[in-house]
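Have the sequence and the 3D view open as you read.

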Amino acid sequence: MNSASFRTWRGLSAALAALGMVSLTACASQQPAPAPQQSEQEARSEVDATRARFMAAMAASDFAALAEIVDPDAVMIGAGGAGHLEMYAAAGEGLAPEYRIEISPQEFVMMDQEWAFERGTTIQSWQPEGAEERVEVRNSYLLILRNSDGQWKPYREVASALPPPGGWPEDSE
């Protein structure tokens, strides 16, 4: 290689190296800053607040609020006991008349900064048309939560008409 070719090759190499550094620097500056690490207690507090908003949205049949609370890719598997099926039939396209839900978590575990799960029980209630008293239906549930865009949201849930391990909380008091 003659000296002119060497200078051209060396100049081209330096230019490519500089371009690579500029690209690397530009890519690094476009990366989002890492989210601050959250403690399990902080995550639990956020999930508690989300649960309260969820129960209020359900009581108000506010489906727009529910859409903000639940992950857009959420999959929920409802319980299928006789009382549940009666409630679902009364609901038609929405929720059963005067629907309410009381959620009682029994366990919360934060797996990492993106995933957590909660296990507990619920009492769903509704007022059948013409009835004087509300009908209550109990569930046990396992809920997987995902921290998406800085918010813990329900991502997957499986509910059961069967009691949780150890029985219904009010039965053991």
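Predicted model: local features only at pLDDT ≥ 70, side-chain atom pairs only at ≥ 80, totals over all residues.

Let's start with the overall layout. The protein has four helices and five strands, and from the N terminus on they follow the order α-α-α-β-α-β-β-β-β. Of its 173 residues, 28% are buried. Among contacts with a separation of 6 or more, 56% join residues 24 or more positions apart. The accessible surface is about 11,100 Å², and carbon and sulfur atoms account for 57% of that surface.

**The largest pocket**

The largest pocket holds about 650 Å³ of space. Its lining counts 34 residues, and those closest to the centre are Phe 54, Met 58, Met 76, Ile 101 and Glu 157. Which elements supply at least two residues each to this lining? They are the helices α2 (40-59), α3 (63-69) and α4, together with the strands β1 (75-77), β2, β3 (115-126), β4 (135-148) and β5 (151-160).

**The largest nonpolar core**

In soluble globular proteins, nonpolar side chains tend to be buried together. Here the largest nonpolar core has 24 residues, and Phe 54, Phe 108, Leu 145 and Trp 152 have the most contacts inside it. Two or more residues of this core come from each of α2, α3, α4, β2, β3 and β4. The largest share, six residues, is given by α2.

Phe 108 is worth a look on screen. Apart from neighbours within four places in sequence, Phe 108 is in contact with Glu 40, Ala 43, Arg 44, Val 47, Ala 116, Phe 117, Glu 118 and Leu 145.

**A loop residue: Tyr 99**

Now turn to Tyr 99, in the loop between α4 (82-91) and β2 (100-110). Is Tyr 99 buried or exposed? Its relative accessibility is 5%, so Tyr 99 counts as buried, the cut-off for buried being under 20%. Leaving out residues up to four places away in sequence, Tyr 99 touches Met 58, Ala 59, Met 87, Gln 124, Ser 125, Trp 126 and Arg 134. The C-alpha atoms of Tyr 99 and Ser 61 are separated by 8.2 Å, with the two residues 38 apart along the chain.

Notes
Residues numbered from 1 in each chain as written. Heavy atoms only, no water. Buried < 20%, exposed > 50% of the residue type's maximum accessible area, 1.4 Å probe, protein only. Contact = heavy atoms within 4.5 Å. Areas by Shrake-Rupley, 256 points an atom, 1.4 Å probe, with all protein chains shown as cover. 1 Å grid on protein atoms, 1.4 Å probe; cavity = no way out; pocket = protein on both sides within 12 Å on 5 of 7 lines; lining within 4 Å. Points joined across faces, edges and corners; volume = space filled by probe spheres on them. Core = buried A, V, L, I, M, F, W, Y, C linked by side-chain atoms within 4.5 Å.
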